[in-house]
Protein chains: 4
Amino acid sequence: MNGAATNPDCHVLAYAGAQVKKGLDIAQKLGAQNFVFWGGREGFLTIHNTDVAAELKHMANFFKMAVKYREKIGLKCQFLIEPKPKEPCKHQYDYDAVSVIGFLKHYGLENDFKLNIEPNHTTLAGHSYEHDVVMASAFGMLGSVDSNTGSPDQEWDTDQFPMDIRNATLLMKTIIEQGGLQPGGLNFDAKVHSESTDLEDLFIAHIGAMDTFARGLRNAVRIIEDGIIPGMVKDRYSSFSHGIGQKVEEGSASLEEMEDFIKQNGEPKVTSGKQEKYESIFNHYI
Amino acid sequence: MNGAATNPDCHVLAYAGAQVKKGLDIAQKLGAQNFVFWGGREGFLTIHNTDVAAELKHMANFFKMAVKYREKIGLKCQFLIEPKPKEPCKHQYDYDAVSVIGFLKHYGLENDFKLNIEPNHTTLAGHSYEHDVVMASAFGMLGSVDSNTGSPDQEWDTDQFPMDIRNATLLMKTIIEQGGLQPGGLNFDAKVHSESTDLEDLFIAHIGAMDTFARGLRNAVRIIEDGIIPGMVKDRYSSFSHGIGQKVEEGSASLEEMEDFIKQNGEPKVTSGKQEKYESIFNHYI
Amino acid sequence: MNGAATNPDCHVLAYAGAQVKKGLDIAQKLGAQNFVFWGGREGFLTIHNTDVAAELKHMANFFKMAVKYREKIGLKCQFLIEPKPKEPCKHQYDYDAVSVIGFLKHYGLENDFKLNIEPNHTTLAGHSYEHDVVMASAFGMLGSVDSNTGSPDQEWDTDQFPMDIRNATLLMKTIIEQGGLQPGGLNFDAKVHSESTDLEDLFIAHIGAMDTFARGLRNAVRIIEDGIIPGMVKDRYSSFSHGIGQKVEEGSASLEEMEDFIKQNGEPKVTSGKQEKYESIFNHYI
Amino acid sequence: MNGAATNPDCHVLAYAGAQVKKGLDIAQKLGAQNFVFWGGREGFLTIHNTDVAAELKHMANFFKMAVKYREKIGLKCQFLIEPKPKEPCKHQYDYDAVSVIGFLKHYGLENDFKLNIEPNHTTLAGHSYEHDVVMASAFGMLGSVDSNTGSPDQEWDTDQFPMDIRNATLLMKTIIEQGGLQPGGLNFDAKVHSESTDLEDLFIAHIGAMDTFARGLRNAVRIIEDGIIPGMVKDRYSSFSHGIGQKVEEGSASLEEMEDFIKQNGEPKVTSGKQEKYESIFNHYI
């Protein structure tokens with residue numbers, strides 16, 4: 001939409017509306033299963049000339065029109081929003097996974113959309129590579145993945161082909177744990193580096209990145225099937241399966257009960273998080 | 001709470017619950033008007049050992065217990081959550097204003113809490129100084145401000161006294177526009193620099209920072225009373241006060257109407273955002 | 001040169017050499033006073049395919065050819081290198097002011113070049129706005145300034161017009177203190193924001209930025225003429241004007257003398273850096 | 001030295017001098033082979049109260065005293081400076097490898113010092129993990145390595161145990177290529193994460209990190225022995241082994257010769273950097 005949904009000129013917004021209508025009509029004809037709203041321009045360059053509250057409302061109303069039109073034409077496809085924090089804008093409303101979820105919840109749109117996560121955008125928002133995939137999944141909102149990457153020391157959108165096996169393993173583990181991405185999937189929205197000027201580079205890049213994800217998938221399957229790391233995590237949270245912990249889990253505990261529990265049981269012991277142990281075991285699968 | 005609400009050991013969580021109960025009892029005795037839950041440790045150091053979905057639910061249930069106990073004892077004070085993105089954790093759930101709002105909405109807590117924004121945390125989340133104050137206000141959730149600052153080139157929490165008049169002006173303008181912060185306020189959660197070792201430095205720092213906010217307030221009042229910048233912004237969004245724009249504003253427009261509008265009116269003209277003009281006028285008030 | 005001096009193909013490097021020869025011939029005809037070598041592409045995208053030691057030597061030898069040709073044609077102009085840390089490359093050799101100075105010293109080129117500092121590049125290298133201007137000046141190597149800026153929360157090259165009076169004041173203070181920039185100067189290598197689409201925006205931006213520097217210059221002159229801050233700094237370093245301090249300053253002190261001094265004088269007292277006092281006084285000039 | 005060498009009070013500097021003298025005397029008794037000057041506090045918190053030129057000179061003179069005293073007592077150990085960009089200071093003079101090299105060259109100290117690189121500091125300076133090891137080695141100045149790490153999304157000094165096999169491979173490859181580090185070595189200046197509270201965590205962390213470097217070393221050896229990647233790099237730079245390229249390499253080429261070469265040979269062809277191919281092959285060794 002290129003910033004149209006938050007444009008201060010309703011003529012521009014109407015133009016974007018006409019385009020989205022056209023897009024949905026074509027999606028219907030093609031039998032599309034996913035329809036991504038790329039959030040990469042919905043935001044502002046300077047707060048001086050911007051009415052944020054008005055723009056958020058316009059954006060929400062714009063999405064509601066798309067939802068209505070999808071219903072009207074009987075289009076059965078998943079709507080997806082792709083978070084992106086900034087660039088080209090100074091700030092974009094779809095900053096990261098949780099920002100988008102907050103926006104959708106605020107405007108009652110959470111049942112009509114899922115998220116399409118691009119890890120390169122995740123790192124630009126100050127998170128680690130796998131973070132938004134994990135968070136979207138934890139909120140039940142992970143719909144699809146744009147599987148390109150940046151470099152940790154380059155803080156703009158480089159859209160590189162993903163070549164890091166460790167990162168791919170973490171991603172595939174999360175996707176397996178939530179039972180897959182269907183109807184979404186992994187999509188290469190990547191481009192070769194500017195100096196990769198041979199035609200064959202495009203093929204090499206796709207093959208290398210697919211191999212990376214294939215190794216990540218295999219690693220993740222072995223981690224889950226071996227059950228060592230999942231078992232350690234399960235143990236770590238096991239105090240929530242009974243007694244006062246179970247009541248917290250179910251939402252029936254009270255502060256008074258907690259005080260009573262502490263009066264009876266005294267101060268808690270310190271328990272190690274054992275991060276280096278997890279990291280060392282994880283490395284055995286890489 | 002020091003990470004207790006998301007601790008995998010329910011004994012630790014219960015201990016935190018007992019502490020918060022005590023805190024609320026004391027707040028009641030003191031006639032407290034605000035009660036801040038500092039989000040600075042609710043998060044994780046590594047995804048390897050963490051069940052994010054479980055932790056988010058525990059954190060929500062913990063807050064619900066606090067809300068219930070507040071009601072039970074008849075405590076009339078504003079609950080506030082203070083976003084902080086990271087440090088000491090790798091990732092904290094209360095990453096920024098919109099993250100916290102998304103969490104509160106997801107768990108039905110949005111009427112029981114407002115936000116206490118610290119701009120130093122805002123910049124650590126990758127935003128500009130005034131950003132979370134603006135965003136929290138746009139969502140109607142700005143309750144109070146911890147008015148300390150960092151340096152743009154230092155990406156950890158330095159808690160400096162705010163001395164930038166431009167930033168203070170933007171902050172005060174947002175606060176005036178939403179009608180103040182009551183029962184919250186501006187709070188210096190700052191400390192002098194490590195090399196400022198004289199007793200008088202503490203006084204100088206407070207005076208210098210208060211002067212900065214006083215100048216910011218005066219500048220903001222003049223900006224609003226002069227009406228030049230507010231008028232330019234109002235004009236910029238004026239197409240939403242009538243016709244198809246008004247229908248977008250009210251949420252009654254449809255994609256089909258938008259398509260019709262474009263068929264009748266053709267392509268939109270490009271309109272300048274005039275950022276440099278806004279910046280130049282703004283500088284006249286500094 | 002667009003990366004040519006460090007290109008692994010000497011045919012490309014030769015092409016760049018021919019271009020620079022042409023540029024110098026034209027500079028001669030035009031009576032140029034400054035000739036900038038923009039370092040923005042001399043670097044690498046990946047260490048996997050790069051021989052850093054070879055590239056540094058090639059770059060040095062390339063600059064030496066330019067120096068020789070300048071002498072040969074009797075061109076009397078200042079050669080300048082403009083540091084830029086990254087973008088488009090992952091790493092560029094001219095990362096910041098001190099990196100370039102280190103390179104020039106290593107290859108014996110320090111008398112043939114000065115630096116052209118762009119503060120937007122300085123902030124991309126992780127420093128504060130004024131930092132490289134200060135550092136280049138401290139090393140006696142500040143030759144000219146590209147006076148555009150970025151935003152602290154945008155970590156790529158936005159080339160905005162500078163509008164921050166505080167930053168402009170710090171810059172002009174450094175330039176005055178070193179006795180000016182001649183034959184260099186302040187140059188706007190900036191562009192208007194992407195949404196500033198009116199022709200007049202270009203004029204407004206130049207006027208606004210020039211006004212910002214004019215205010216910065218006036219502030220800096222007042223700071224220097226008042227003498228309060230310069231006097232405080234002079235006092236702070238006054239122990240180096242006599243006794244053991246003077247010997248350190250002159251390079252004639254020894255560790256043995258220092259040990260003797262401490263044996264006679266005992267542990268040093270803690271002295272406050274008084275940063276907040278400096279900041280508060282500085283604010284009076286803004 | 002904790003900032004003492006750049007302290008504006010010569011009494012503090014003298015105290016540091018006495019301490020360093022003592023340290024050198026003890027190093028002599030212990031038969032020390034390396035002596036590290038940690039640069040982590042030599043810098044400034046605010047430019048307002050700082051005379052950078054004076055501090056650089058004091059720091060240089062301080063190092064010269066240490067060199068003289070080392071000679072005087074006949075101590076045969078390598079002096080090392082450890083770059084660190086910031087934290088606790090806003091800016092530290094030993095920002096990164098090339099900054100330190102520039103400083104040493106400027107003051108004629110380059111034959112008396114080498115560099116002790118900590119990759120966690122390298123990433124804080126905006127570079128990739130392996131960068132300063134590569135750069136120090138390219139300048140012939142790599143003396144030792146503090147092998148701890150940070151996380152790419154945490155921009156302060158976390159001193160974690162290194163667990164990334166890819167990074168360890170790049171590091172060991174550079175060290176092998178320069179013929180080792182002797183008399184320096186790999187040193188764990190790391191600490192376990194704050195939540196790793198068991199005694200055994202310290203052992204697990206050391207074992208996991210040593211295993212990581214062992215795998216990195218094996219990977220690097222195979223990369224070098226296989227010769228595929230080294231051969232590709234050698235080919236890439238092969239045009240500098242004859243003709244005009246060789247003259248550039250030897251420093252005997254001129255701009256006029258380059259122009260002649262282009263007149264005879266025409267425009268250069270574009271050659272792919274083949275980054276994705278390098279990355280894919282590299283992944284086979286991980």
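So, to start: is E249(B) buried, partly exposed or exposed? E249(B) comes out as partly exposed, at 24% relative accessibility. For the cut-offs, buried is under 20% relative accessible area, exposed is over 50%, and partly exposed is in between, with a 1.4 Å probe and protein chains only.

Quick housekeeping. This is a predicted model, where local features need pLDDT of at least 70 and side-chain atom pairs count only at pLDDT 80 or more, while totals for chains, interfaces and linings use all residues. Residues are numbered from 1 along each chain as its sequence is written, chains are lettered from A and ligands numbered from 1 in the order in which they are written, and side-chain values use heavy atoms, leaving out hydrogens and water.

Back to E249(B). Its side chain makes a salt bridge with K57(A), at 3.1 Å from N to O. That pair crosses between chains, going from helix 9 (residues 243-250) of chain B to helix 2 (residues 52-73) of chain A. By salt bridge I mean a side-chain nitrogen of Lys or Arg within 4 Å of a carboxyl oxygen of Asp or Glu. Helices (H or I, at least four residues) and strands (E, at least two) are DSSP runs, numbered from the N terminus. K57(A) is partly exposed too, at 33%.

Searching the whole structure over all chains turns up 60 salt bridges. Another one that crosses is E195(B) with R236(C), where the closest N and O atoms are 3.9 Å apart. Here E195(B) sits in the loop between strand 7 (186-187) and helix 7 (199-226) of chain B, and R236(C) in helix 8 (residues 228-236) of chain C. There's also a network: K21(A), D25(A), E259(B) and K263(B) are joined by salt bridges that share partners.

Now one inside chain B. K84(B) and D157(B) form a salt bridge, again with closest N and O atoms 3.1 Å apart. K84(B) is in the loop between strand 3 (78-82) and strand 4 (91-92), and D157(B) in the loop between strand 6 (142-146) and helix 6 (165-177), so the pair ties together parts 73 residues apart in sequence. K84(B) is buried at 4%, and D157(B) is buried at 13%.

Last stop, helix 1 of chain B. Its buried residues include C10(B), L13(B), V20(B) and L24(B). The buried residues pack, by contact (heavy atoms within 4.5 Å), against helix 9 (243-250) and helix 10 (255-265) of chain A, plus strand 1 (34-38), helix 2 (52-72) and strand 3 of chain B. After the helix comes G31(B), with a positive phi near 70 degrees.
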